[in-house]
Amino acid sequence: MATLISQNAVSKDIGEKTKRKNRDLESPLHLDMLQETKISENLSIVKPKKKKREDKVAETEMKKLENVLFGSLYPVEFGKNIEEEEDALFITDRSANSALSVYEEDAAIVATEDLAPRTPVWVDEEEAKTNINISKVNRLRKIRKEEDEKIISGSEYVSRLRAHHMKLNPSTDWARPDSHVYNSDDSDGDFDGILQTTEDLVVPGSSKLLPGLLEYSRLVDANGQDPSSGPINSVQFHRNGQLLLTGGLDKKLRFFQIDGKRNTKIQSIFVDDCPIRKASFTPDGSQVILSGRRKFFYSFDLVKAKMDKIGPLVGREEKSLETFEISPDSKTIAFIGNEGYILLVSSKTKELIGTLKMNGTARALTFGNDGQELVATGGDGQIYHFDMRSMSCFHKGVDEGCLTGTALGMSPKGNIFAAGSDSGIVNVYNKEEFLGGNRKPMKRIENLTTKVDFIKFNCDAQILAICSSMKKNSMKLVHVPSFTVFSNWPPANKALQFPRCLDFSPGGGMMALGNAAGHVLLYKLNHYRHA
């Protein structure tokens, strides 16, 4: 600013010369002489070259445009030629005396603005002359400083109103990014920092699920827009967590988009010659395999929306392919056959690629180790481990206290598995210890009294669902780390009816349960944030 003022200030010598010249040029003769002198000076000026002239004009036009758009970006320098003075926003009258011009006064004010306190632009002189009686109006009594105070001046009245407004409406300093009103060492510093962000105020500190009570909420039925007219035998979430399939004895395969509010039905497919006993997505999510008590099965391509009928399998005489499992790598489909045989079918060619044999009848299957192992149980009460690469059994062990195995479930990581029997007992084993010869289960769950039909771990293996379709509300959710059942499940008043199948969403946030009444109940597990 000092530089700007020094450039624009008129020196004292120039001012005195201007006064003396004005006194000398009062007569008309002197005016004529001055005019002739100016003409001669203009004629004696050497014209610049054309190129320099064009560059100067271009520069002048550019400065003029910038001044119009952004205001005066360049300090005005007086004493230039007429064209430069026209470009400036302020022009000095040369005939004026040595007093500061308007522009120079503004520059001086700007230079001292930061040093001097702010003063109001306009002050109402009547405020000091006006007197206000604050005791007559009830709402003005709150601005009194003393109880017997009555008359105050107008300016005092205004200042008190401003102070009262600031008291009721404090400034939101925390919302300004450049505000540092809190001390980082203060205990409330973290709280103020939280208010300056848009992040969640409550974030789960740990992913560990606590035992005792399970926090859940009931949502709209998953198949509420199109309930089944027969028992539901299969429910499963797609890998994206938004698509759910249902299949039952009414011969219809239905797809629903799950949002917890409307659960819109996307498609319904009628299979006229096969009551659906089981339907399942392939782990890669490209197709659906469904089967019943028939010697053939169906494959539905989700991309092409095409249904293919496969079977009977070459060289086999099985009349039912109702129970199967798909390997996690989506390469193999394992069907339970007759007399302890397990039929291995390629999911790509849909042809029989091999068989596995148990001593007793096969009742339940599950894959482990990313599809490289197959675990089976059945009528002899033993658990078989097969190597899918060599297609041979490498371990066989007795399930403790089991006469007939009816259900199997493997955790997502494959480190533990659960085996259910027809007596309602569920044994949970550590896989490494079991293969090492330790037949003692980690936990023996005895909460069911009828045959175990279904076992399912959730996505992080903290919840184990076991159910029996032979009794109402016969379903339990087990807290795996503590091996205790959740006391508030199942819900009261037998809302589950006869449960037949269950599935957890990929993120663990939702649980779908199909019952014999044709309904798919949908629950939200509040511990998990994603579906």
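Visitor: Among contacts in the protein chain between residues at least 6 apart in sequence, what share joins residues at least 24 apart?
Guide: That share is 46%, where a contact means heavy atoms within 4.5 Å. This is a predicted model, in which local features need pLDDT of at least 70 and side-chain atom pairs count only at pLDDT 80 or more, while totals for chains, interfaces and linings use all residues. Residues are numbered from 1 along each chain as its sequence is written, and side-chain values use heavy atoms, with hydrogens and water left out.

Visitor: How many helices and strands are there in the protein chain?
Guide: The protein chain has 10 helices and 30 strands. Both are DSSP runs numbered from the N terminus: helices are H or I with at least four residues, strands are E with at least two.

Visitor: And what percentage of the residues is buried?
Guide: Buried residues account for 37% of the 531 in the protein chain. Buried means under 20% relative accessible area, exposed means over 50%, and partly exposed lies in between, using a 1.4 Å probe and protein chains only.

Visitor: Which residues touch the most other members of the largest nonpolar core?
Guide: They are I463, M475, L477, W489, F504 and M511, out of 18 residues in that core. The elements giving two or more residues to this core are β25 (463–467), β26 (475–479), β28 (499–504), β29 (510–515) and β30 (520–525). A nonpolar core here is a set of buried Ala, Val, Leu, Ile, Met, Phe, Trp, Tyr and Cys residues joined through side-chain atoms within 4.5 Å.

Visitor: What is L477 in contact with, leaving aside its neighbours within four places in sequence?
Guide: Its partners include L214, I463, L464, W489, F504 and M511. There is also a second, separate core of 16 residues, and L464 is among its members, as are I455, V480 and F483.

Visitor: I455 belongs to which strand, and where do the side chains of that strand point?
Guide: I455 is in β24 (residues 454–457), along which the side chains alternate.

Visitor: How many bridges join β24 to β25?
Guide: There are 4 bridges, and the two strands run antiparallel; strands pair if DSSP finds at least two bridges between them. F454 stands opposite C467 in β25. The two strands form a hairpin with 5 residues between them, and A461 in the turn has a positive phi of about 60 degrees.

Visitor: Turning to cysteines, how many disulfides does a search of the whole structure find?
Guide: The search finds 0 disulfides, a disulfide being a pair of cysteine sulfur atoms within 2.5 Å. For C467, the nearest cysteine sulfur is that of C501, 7.8 Å away.

Visitor: Is C467 buried or exposed?
Guide: C467 counts as buried because its relative accessibility is 3%. C402 is also classed as buried, at 11%.

Visitor: What is the strand order in the open sheet that includes β28?
Guide: The order is β3-β30-β29-β28, with antiparallel pairing. β3 (216–218) and β28 are at the edges with a single partner strand each, so one side of each has no neighbour in the sheet. Within this sheet, β29 and β30 pair over 5 bridges, and G514 has V520 in β30 as its bridge partner.

Visitor: And the order in the sheet with β16?
Guide: That open sheet of 4 strands is ordered β16-β17-β18-β19, again with antiparallel pairing. Its edge strands are β16 (362–368) and β19 (392–398). β16 pairs with β17 (residues 373–378) over 6 bridges, and T366 has V375 in β17 as its bridge partner.

Visitor: What lies in the loop between β16 and β17?
Guide: N369 lies there, and its phi is near 55 degrees, a positive value in a residue other than glycine. N369 counts as partly exposed because its relative accessibility is 35%.

Visitor: One last topic: which residues does a cis peptide bond with omega of about 5 degrees join?
Guide: That bond joins W489 and P490, and P490 lies in the loop between β27 (484–485) and β28. The peptide bond from G311 to P312 is cis as well, with omega near 0 degrees. P312 is in the loop between β11 (306–310) and β12 (324–326).
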